[in-house]
Protein chains: 2
Amino acid sequence: MTETADAAEPLSDLSRLCIHTITTKPWPIEEAIEKYAAAGVAGITVWRDALKDRDAADIGETIRNTGLKTVSLCRGGFFPARTERERRFAIDDNRLAIEQAASIGAPLVVLVCGAAPGQSLEVSRGQILDGIAAVLPDAEAAGVKLAIEPLHPMYAAERSAINTMAQANAACEALNHPLVGIAVDVYHVWWDDQLETQVRRAADRDRLFAFHVCDWLSPTTDLLNDRGLMGEGVIDLPRLRRLVESAGFRGFHEVEIFSERWWAMDQDHFLKQIAAAYLRHC
Amino acid sequence: MTETADAAEPLSDLSRLCIHTITTKPWPIEEAIEKYAAAGVAGITVWRDALKDRDAADIGETIRNTGLKTVSLCRGGFFPARTERERRFAIDDNRLAIEQAASIGAPLVVLVCGAAPGQSLEVSRGQILDGIAAVLPDAEAAGVKLAIEPLHPMYAAERSAINTMAQANAACEALNHPLVGIAVDVYHVWWDDQLETQVRRAADRDRLFAFHVCDWLSPTTDLLNDRGLMGEGVIDLPRLRRLVESAGFRGFHEVEIFSERWWAMDQDHFLKQIAAAYLRHC
């Protein structure tokens, strides 16, 4: 599906490849760190569930000792709620996420912003802005950035009221803070005909903080856990990589795949497939 | 979820209620016609699968004899394809759909426009325009209107490259023909923050041809067949009805629900639930 005129320069090594721990969910984080590093992967994004029963600072040190770079912590967010009490709880949880990010040495927390079923998306978007504003002093104190990740419209009911790059840009502009930017995940935005304009709008204000890759399978059989490995689906990944890179993005290419199918396979085999698919299809 | 300021006038009867035959899929069309009419439903939208092994003109006469109004035929479209041969086949199939619509007395064919996995959405959108243009003489000859239905972005890979009201409006404007308009289905567009602007853009050019209702369940467990009955989900239906009606729409409110859950139930019970939910939640 690569259109030559739009293609980015081919990738020749793994020096910008990062993997999200959720991608290889069956591995405990210690094994993920060891295996990623041994495979020549350059970066790791740590999901908070992988830190359960661990000391975050210890995990950070383990990561640094392998030479891997900690790219981000996933995830904060989920600010909207019907009650004040729940919204305060969400803010406290985001403060904890920022602390955890600082402890493991992650410069960035990715925000899945949240939505509350039965509450209008407009109200939820207001609560998202309020929530981020409430934790910004913590982010400043920790020196940790926050990336709003626009989520596919199929997650609007309960996962995020921010569903397009245009809405993510509007949120960033409302907050207008150098620590607040955007995580672009191809899975969520590949269909959007405003993508190019909106990526440039974000880049022009130095707000392109992260770039996540995977693929959209056709057909997709599950709303959550049927993502494809790069090249298995319909997304024109070279075009999207060129889009963010021509706008100035120089960060990692983060592989974030939720897939019951891949999780059921041997994860060593999967890791080899990730590296090969990355070089071939991104 | 109704916000009073945005609410439409409450519905007091079934005089604008239309049901899609697919909604009560277990019923043969003859039974659907009889049961809808007996329940006081005013209109019926006929799905083409329901016409299998029937004479379309006979079905049209049966519908008229009950006093039901035939609102539309579902569905044409699926124009994009990788080969010229497949695209020609799609055009022929749409000619057949227009003929069937004329035979049953439906003034409108709803178009699920199509997409071709592995082909860019831009190319597919061009093929959609070409396909509609190719069948417009047939639509003119038959006096049948064509409604582009923007489909939720989760269907972009294989069902429609037209995923927003803005794209549907752009397609209508490119074709610029009085027989080409838009079918607004709340399931596909409820999340879109451009909806109000885009509904007005369509209405200002007399292009609001149809209005489909159901609900978005939270959580949704299947991408295709887990739609909710009105009131079961998160969509603010009175707000959306008011939006189209304040823009001038005076057509039917068409209940189109694909649901394995409801299809597994007694359909007489379901029909009662539809009428009650319509009066209460639309």
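Analyst: Two residues are in contact if their C-beta atoms, placed from the backbone, lie within 7 Å. This is a predicted model, in which local features need pLDDT of at least 70 and side-chain atom pairs count only at pLDDT 80 or more, while totals for chains, interfaces and linings use all residues. Residues are numbered from 1 along each chain as its sequence is written, and chains are lettered from A and ligands numbered from 1 in the order in which they are written.

User: Which residues does Leu108(B) touch, not counting residues up to four places away in sequence?

Analyst: Leu108(B) touches Ser72(B), Val144(B), Lys145(B), Ala147(B), Phe209(B) and Ala210(B). Leu108(B) belongs to strand S4 (residues 108-112) of chain B; helices (H or I, at least four residues) and strands (E, at least two) are DSSP runs, numbered from the N terminus.

User: Is Leu108(B) buried or exposed?

Analyst: A residue is buried if 20 or more other C-beta atoms lie within 10 Å of its own, exposed if 12 or fewer, and partly exposed in between. Leu108(B) counts as buried because it has 23 C-beta neighbours inside 10 Å.

User: How is strand pairing read, and which strands pair with S6(A)?

Analyst: Two strands pair if DSSP finds at least two bridges between them. Strand S5 (residues 145-148) of chain A pairs with S6(A) in the parallel sense over 3 bridges, and Leu146(A) stands opposite Val180(A) in S6(A). From S5(A) the chain passes through helix H5 (residues 165-175) of chain A to S6(A) in a right-handed β-α-β crossover; right-handed means that, with the strands pointing away from the viewer, the path from the first strand over the helix to the second runs clockwise. S6(A) also runs parallel to strand S7 (residues 208-213) of chain A, joined by 4 bridges. Leu208(A) in S7(A) is the bridge partner of Ile182(A).

User: How many residues of S6(A) are buried?

Analyst: Strand S6 (residues 180-185) of chain A has 6 of its 6 residues buried. Leaving aside neighbours within four places in sequence, the contacts of Ile182(A) include Ala147(A), Cys172(A) and Phe209(A).

User: What is a nonpolar core, and how many residues has the largest one?

Analyst: A nonpolar core is a set of buried Ala, Val, Leu, Ile, Met, Phe, Trp, Tyr and Cys residues joined through C-beta atoms within 7 Å. The largest has 188 residues, and among those with the most contacts inside it are Ile182(A) and Ile182(B).

User: Why is helix H8(A) described as largely enclosed?

Analyst: Helix H8 (residues 237-246) of chain A is largely enclosed by the rest of the structure because 7 of its 10 residues are buried, including Leu240(A) and Val244(A). Its cover includes S6, S7 and helix H10 (267-281) of chain A. Gly248(A), which follows H8(A), has a positive phi near 115 degrees.

User: How are the two chains related?

Analyst: Copies are superposed by least squares on the C-alpha atoms of residues with pLDDT of at least 70 in both. Chain A can be laid on chain B with an RMSD of 0.0 Å by a turn of 180 degrees and a shift of 0.0 Å along the axis. The copies are thus related as by a two-fold rotation axis. Their contact takes 23 residues from chain A and 23 residues from chain B. The copies meet through the same surface, because 100% of the interface residues of chain A are also interface residues in chain B.
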